[in-house]
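The stops below go from charged pairs to nonpolar cores.

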Amino acid sequence: VFKMSKVGIIYWSSTGNTEAMAQAVEEGAKAAGADVEIMEVADADVDKALSYDVLALGCPAMGAEQLEEGSFEPMFSSVETLLNGKKVGLFGSYGWGVGEWMELWSERVINDGANLINQGVIANYAPDAEANEACNKLGAELAS
């Protein structure tokens, strides 16, 4: 019996841009037939995150190309050691620079032994049609 992938989308958003990306990832995964649960990082914890077959994590660039430090970074740090062998997708928006925070984050995830899908989808401010499409595609790839 084919078991549907259970995709967990966990994100942090202050302006709604990364939230919009999370919803686009959700659409793509649902369209591909996955069982999807989407939540803000405040509603997630390690056990919750690890209960999913696949994880999509969204966080905008903050400060000097960092993940949001109040709630996202602590949650990510706590699951980081347990990502080995897990299929993970990353996404987030940025307002300056060239998206270096995503390169650094992607590197961390790869070093954790995770199977990183699509190198991290980024959007400059609000996601445009191209970024939305990339998020849909990420969702679909995570679902398969």
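Select helix H1 (residues 17-31) and show Glu26 and Lys30, which both lie in this helix, four residues apart, or about one turn. Helices (H or I, at least four residues) and strands (E, at least two) are DSSP runs, numbered from the N terminus. The two side chains form a salt bridge, with the closest N and O atoms 3.1 Å apart. A salt bridge here is a side-chain nitrogen of Lys or Arg within 4 Å of a carboxyl oxygen of Asp or Glu. Glu26 is buried at 15% relative accessibility, whereas Lys30 is partly exposed at 46%. Buried means under 20% relative accessible area, exposed over 50%, and partly exposed in between (1.4 Å probe, protein chains only).

This is a predicted model, in which local features need pLDDT of at least 70 and side-chain atom pairs count only at pLDDT 80 or more, while totals for chains, interfaces and linings use all residues. Residues are numbered from 1 along each chain as its sequence is written, and side-chain values use heavy atoms, with hydrogens and water left out.

Next, select Glu37. Its side chain meets that of Lys48 in a salt bridge (2.9 Å, N to O). Lys48 lies in helix H2 (residues 46-50) and Glu37 in strand E2, so the pair ties together parts that are eleven residues apart in sequence. A search of the whole structure finds six salt bridges.

Which residues have the most contacts inside it? They are Ile10, Leu57, Phe72, Phe76 and Trp105, in a core of 26 residues. A nonpolar core is a set of buried Ala, Val, Leu, Ile, Met, Phe, Trp, Tyr and Cys residues joined through side-chain atoms within 4.5 Å. Strand E3 (54-58), helix H3 (72-80), strand E4 (87-94) and helix H4 (100-111) each supply at least two of its residues.

Finally, select Ile9, Met21, Cys135 and Ala143, which are among the 21 residues of a second, separate core.
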